[in-house]
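Subject: Structure handover

Hello,

Here is the structure you will be working with. Please open it next to this email and follow along; the findings come after it.

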Amino acid sequence: WLFPVKIYIPLFKAQSMAVSQNIFLKRRNLAHLIIYTASGSKRVRYLPETIAYELANYQLAKVEIHQGDWM
């Protein structure tokens, strides 16, 4: 909160995505979105559960329809 970080990742660079929840997040309908790339993973924390799944589905759809090189 004190030092926010912004990271920009092109949509086609993502290799995999995951939505994770623990019991405390599930009770509050929150989730973490994890984006895996060739250089490591980035985590977007405390998203509403529906938005996390929408973002994961959108990202994966964009990756699948991309026609160019990814590097």
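Before the strands are discussed, one term is needed: two strands count as paired if DSSP finds at least two bridges between them. Please also keep in mind that this is a predicted model.

Overall layout

The chain contains two helices and three strands. Followed along the sequence, these elements come in the pattern β-α-β-β-α. The C-alpha trace spans about 40 × 25 × 15 Å along its principal axes. The chain has 71 residues, and 20% of them count as buried.

The three strands make an open sheet, in the order 1-2-3, with antiparallel pairing. Strand 1 (16–20) and strand 3 (40–48) are at the edges; each has a single partner strand, so one side of each has no neighbour in the sheet. From one strand to the next, the twist averages 20°.

How many bridges join strand 2 to strand 3? There are seven, and strand 2 covers residues 30–37. These two strands run antiparallel. To see one of the pairs, find Leu33: its bridge partner in strand 3 is Val44.

A histidine in strand 2

Is His32 buried or exposed? Buried means under 20% relative accessible area. His32 has 8% relative accessibility, so it counts as buried. A polar atom of the His32 side chain lies 3.2 Å from the backbone nitrogen of Tyr46.

The largest pocket

Next comes the empty space. Rolling a probe the size of a water molecule over the atoms shows where such space is left. The largest pocket holds about 320 Å³ of space. Which elements give two or more residues to its lining? They are strand 2, strand 3 and helix 2 (49–65).

The lining includes Leu33 and Val44, the two bridge partners mentioned above. Also among the lining residues are Ile7, Ile9, Leu11, Met17, Ile35 and Leu55. Tyr58, Gln59, Lys42 and Arg43 line the pocket as well. By type, the lining residues divide into nine nonpolar, one polar and two charged.

- Start with the open sheet and its strand order 1-2-3.
- Go on to Leu33 and its partner Val44.
- Then look at the side chain of His32 and the backbone nitrogen of Tyr46.
- Finish with the residues that line the largest pocket, including Met17 and Tyr58.

Regards

Note on methods: Residues numbered from 1 in each chain as written. Predicted model: local features only at pLDDT ≥ 70, side-chain atom pairs only at ≥ 80, totals over all residues. Heavy atoms only, no water. Helix = DSSP H or I, 4+ residues; strand = E, 2+ residues; numbered from the N terminus. Axes fitted to C-alpha atoms, helices over the stretch in contact; angles between N-to-C directions. 1 Å grid on protein atoms, 1.4 Å probe; cavity = no way out; pocket = protein on both sides within 12 Å on 5 of 7 lines; lining within 4 Å. Points joined across faces, edges and corners; volume = space filled by probe spheres on them. Nonpolar A, V, L, I, M, F, W, Y, C, P; charged D, E, K, R; others polar. Buried < 20%, exposed > 50% of the residue type's maximum accessible area, 1.4 Å probe, protein only. Polar contact = N/O pair within 3.5 Å; in protein donor to acceptor, adjacent residues only side chain to side chain.
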